Amino acid sequence: MTDTRDADTAEGALPGERKPEAKASQPYHPPQAYQQGAKAGAARKPRPGTRTVPRTRKARLRVAKADPWSVMKVSFLLSIALGICTIVAAAVLWMVMDAMGVFSTVGGTISEATGSNESNGFDLQSFLSLPRVLTFTSIIAVIDVVLATALATLGAFIYNLSAGFVGGVELTLAEDE
């Protein structure tokens, strides 16, 4: 249906409907938005008897459910990052200890203690070589990724069950200025 009323006349206006006003060339400014006679950029003075300290807004929130799929994705990515950090830290620590001569000193002591006339004893330097240490660290990191992801997902399921009984964890968030 098309409106056939004339916009300039109020004959077709419904009861309570405003008459269309002519468009102003300037934007509309409500009268209470600006103080009369106030300079642009002048600071407002507080009214007498009011607080000048800004009020801190607070909100109470309740964590009612943790989505297990998103918990699994986030925990997987965080445990991957932790695994990479573990491998890098093990490599750096091994290189620092090798540069300080720890393996040769401790290895010499162990080979003297375990050696006899026929054999040289246990060779610590060949046992704790960098490739062997990094392989062992990588295996530990992969196991950590799998276990941390599984435990975090299981924790989300358990949280959802317990939140159904007790309502979840309540947090109070405050705006800091």
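Leaving aside its neighbours within four places in sequence, which residues is Asn160 in contact with?

**Entry 1: Asn160.** I began with this question, keeping in mind that the model is predicted. I found Asn160 in helix 4, which covers residues 130–166. Once I set aside the neighbours within four places in sequence, the contacts of Asn160 were Lys65, Ala66 and Pro68. Next I looked up how covered Asn160 is. Its relative accessible area is 18%, and buried means under 20%, so Asn160 counts as buried.

**Entry 2: Val92.** I moved on to helix 1, residues 68–100, where Val92 lies. Is Val92 buried, partly exposed or exposed? I read a relative accessibility of 46% for Val92.

**Entry 3: the patch.** Val92 is one of the residues making a nonpolar surface patch of about 760 Å². I wrote down the other members too: Phe76, Leu77, Ile80, Ile84, Val88, Val96 and Met100.

**Entry 4: the whole chain.** I stepped back to the overall plan. I noted four helices and two strands in the chain. Reading from the N terminus, I got the order β-α-α-α-α-β.

How much of the chain is buried? I noted that buried residues make up 12% of its 177 residues. The chain exposes about 15200 Å², and carbon and sulfur atoms supply 63% of that area.

Note on methods: Residues numbered from 1 in each chain as written. Predicted model: local features only at pLDDT ≥ 70, side-chain atom pairs only at ≥ 80, totals over all residues. Heavy atoms only, no water. Patch = residues over 30% accessible without salt bridge, like charges linked within 9 Å, V, L, I, M, F, W, Y side chains within 5 Å. Areas by Shrake-Rupley, 256 points an atom, 1.4 Å probe, with all protein chains shown as cover. Salt bridge = Lys/Arg side-chain N within 4 Å of Asp/Glu carboxyl O. Buried < 20%, exposed > 50% of the residue type's maximum accessible area, 1.4 Å probe, protein only. Contact = heavy atoms within 4.5 Å.
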